[in-house]
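Trainee: I would like to go through this structure one contact at a time. Can we have it on screen first?

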Amino acid sequence: MSDELLSIIEKNSRIGVNELAVLLGKEEIEVANEIAKLESEGVICGYHTLINWDKTSIEKVTALIEVKVTPQRGQGFDKIAERIYNYPEVRAVYLISGGYDLLVTLEEKTLKEIAGFVSDKLSTLDSVLSTATHFVLKKYKDHGTVFDKKKEDEREVITP
Amino acid sequence: MTKPLSDSVKSLKPSGIRKFFDIVSEMKDAISLGVGEPDFDTPWHIRDEGIFALEKGKTFYTSNAGLKELREEICNYVSRTQRVNYDPMHEVIVTVGGSEAIDIGLRAMCNLGDEVIIPQPSYVSYEPCAILAGAKPVIIDLKAENEFRLTPEELEAAITDKTKVLILPFPNNPTGAIMEKGDLEKIAKIIIENDIYVMSDEIYAELTYKGEHVSIVSLPEMKERTILINGFSKAYAMTGWRLGYACGPEEIIKQMTKIHQFAIMCAPTTSQYAAVEALKNGDDDVKMMRQAYNQRRRFLMNAFREMNLDCFEPYGAFYVFPCIKEFGMTSEEFATRFLEEEKVAAVPGTAFGNSGEGFLRISYAYSLDNLKIAMERLKRFVERLRKG
């Protein structure tokens, strides 16, 4: 059940346990227990909302920063990743294969703040060798959801 | 003056859906539960393959029976799902939708006066296609108490010495009924005893919600007397690509290919390239869509239970077929009033045969949000009718 349950709530975290039970063909108590289990195991890490900030009056700037680092003995990349992800303005940190090591997603109010973060906080870390900052100009799709696209039902209204 | 029309064509009844369609299309903000096609877009990798084929200039006819590569993939698919092996060179034809396969299959097999047994409620084109093939349709009225499955007794009663072929439309449109292995074994026995053929329309095979779909062709001695029809429309959400196929004994496929060659030439080339991709890499898409349909199916069954609306539990296709007999109206009256009063369009069961009287076809090829609104309206409507 957990695969199907997860795929439903990944798209709609507001769905109630009673409705989930109907969709999955299970008892409510089974579903509630499964969710509790997935939460305690850390499979479900949170219930967030996907917001298209561009449509609000709130200014946000997103940057993707490629970071090259020296891994540390005994700890590999984990220690340096932790030092970076502890900053609240850092939205995501991924260890990446290929030309650089860490991909850091940063969200700030202004370009200047991002520049400040990179020059003051990130570049000055001992293990950081270099950074390359890319600013996001437009978000088309995030978390599997296409922004700004209402789909019309173009099918004939009645077909055999 | 010479009469311009063919008597047999003139005698065909127009589809009962048409009238309804006209009312709905004029109505603003009506919700439709009336479509017989998936709400999903064709998965992108399949569309991309079609685009790629166009870019590469693959814009010529294919061989009459279809791209060899596609026929091979079709055979692989039937082999891995039903453990039945077909020869891609002689026992498969790619058609313009499953509908064409039904048409040319009946035309290839029937002589004037041969009888074609058609269980109803079922898809609207079997009966006219049989008539146009010069055959005589013999209708079996399936029963709700049998969950709209075909029983051996019903089949035996319909067989005469003129019977040529039984059309076996499961998973079924409009009822959502399926036939399981045990049911099919009883049917197969009668087919073999009476030396007749089966045209098994399995266009909804991938949309089965109770175990895996079993084809009658997988039963002993049935391969040589079965035309298996399937296609890409429902499983891969590819209705507009118009692509289906038939597998069967070489002698029948050969004659079907002849008709196809003269009437159609070949199925659309772009669609055929896209279909190769669908069969090779589309399993996950099918699984995702099947899961979504199944959730909606459960949602509707639960909604019917809550409003005490009688409905057998269907395990196939994307239709539910609730019974509306308690309201003392015909299906058409019910559907028309439901549309006028609550602005929800569902198709009267009678559009699929007289035995659909007293039932309504509700399609769940719609988003859950859409279905929720429709069920709220149905509940309100049903409660109002009950109050009188």
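Trainee: Which residues of α2(A) meet E28(A), V31(A) and A32(A) in α3(A)?

Mentor: The model is predicted: local features need pLDDT of at least 70, side-chain atom pairs count only at pLDDT 80 or more, and totals for chains, interfaces and linings use all residues. Residues are numbered from 1 along each chain as its sequence is written, while chains are lettered from A and ligands numbered from 1 in the order in which they are written. Helices (H or I, at least four residues) and strands (E, at least two) are DSSP runs numbered from the N terminus, and contact means C-beta atoms, placed from the backbone, within 7 Å. On the α2(A) side, the residues are V17(A), N18(A), L20(A), A21(A) and L24(A).

Trainee: Is α2(A) roughly parallel or roughly perpendicular to α3(A)?

Mentor: The axes of α2(A) (17-24) and α3(A) (28-40) come within 8 Å and cross at roughly 110 degrees. Axes are lines fitted to C-alpha atoms, for helices over the stretch in contact, with angles from 0 to 180 degrees between N-to-C directions. Under 35 degrees is roughly parallel, over 145 roughly antiparallel, 65 to 115 roughly perpendicular and the rest oblique. Therefore α2(A) is, relative to α3(A), roughly perpendicular.

Trainee: How many residues in the contact of α2(A) with α3(A) are nonpolar?

Mentor: Ala, Val, Leu, Ile, Met, Phe, Trp, Tyr, Cys and Pro count as nonpolar, Asp, Glu, Lys and Arg as charged, and the others, including Gly, as polar. In this contact of α2(A) with α3(A), 1 residue is polar and 1 charged, and the nonpolar ones number 6.

Trainee: What are the edge strands of the sheet in chain A?

Mentor: The open sheet has 4 strands in the order β2-β3-β1-β4, with antiparallel pairing; strands pair if DSSP finds at least two bridges between them. Its twist averages 20 degrees from one strand to the next. The edge strands, each pairing on one side only, are β2 (90-95) and β4 (128-135) of chain A.

Trainee: Which residue in β3(A) is the bridge partner of A63(A)?

Mentor: Strands β1(A) (61-69) and β3(A) (102-108) pair in the antiparallel sense over 7 bridges. In β3(A), the partner of A63(A) is L106(A).

Trainee: Which strands of chain A does helix α5 touch?

Mentor: Helix α4(A) (78-85) lies across β1, β2 and β3, running at about 165 degrees to β2(A). Helix α5(A) (111-122) also packs on the sheet, and its direction makes about 20 degrees with that of β1(A). The strands it touches are β1, β3 and β4 of chain A.

Trainee: How many residues does chain B give to its contact with chain A?

Mentor: Chain A puts in 10 residues, which divide into 5 nonpolar, 2 polar and 3 charged. The number from chain B is 20.

Trainee: Which element of chain B gives the most to the side of domain 1 that touches domain 2?

Mentor: Domain bounds come from an automatic or database domain assignment, and chain B is divided into domain 1 (7-42 + 284-379) and domain 2 (58-281). The contact takes 35 residues from domain 1 of chain B and 34 from domain 2 of chain B. On the domain 1 side, the elements giving two or more residues are α11 (283-306) and β9 of chain B. The most, 7 residues, comes from α11(B).

Trainee: Which residue in β12(B) is the bridge partner of V347(B)?

Mentor: An open sheet of 3 strands in chain B has the order β9-β12-β11, with antiparallel pairing. Strand β12(B) (360-363) is joined to β11(B) by 2 bridges. In β12(B), V347(B) has as its partner R361(B).

Trainee: Are the residues of β12(B) that point either way from the strand buried or exposed?

Mentor: A residue is buried if 20 or more other C-beta atoms, placed from the backbone, lie within 10 Å of its own, exposed if 12 or fewer, and partly exposed in between. L360(B) and I362(B) point one way from β12(B), R361(B) and S363(B) the other way, and all are buried.

Trainee: How far apart in space are N76(B) and Q255(B)?

Mentor: N76(B) lies in helix α4(B) (68-82) and counts as partly exposed, because it has 15 C-beta neighbours inside 10 Å. N76(B) and Q255(B) are 179 residues apart in sequence, and their C-alpha to C-alpha distance is 23 Å.

Terms used: Contact = placed C-beta atoms within 7 Å.
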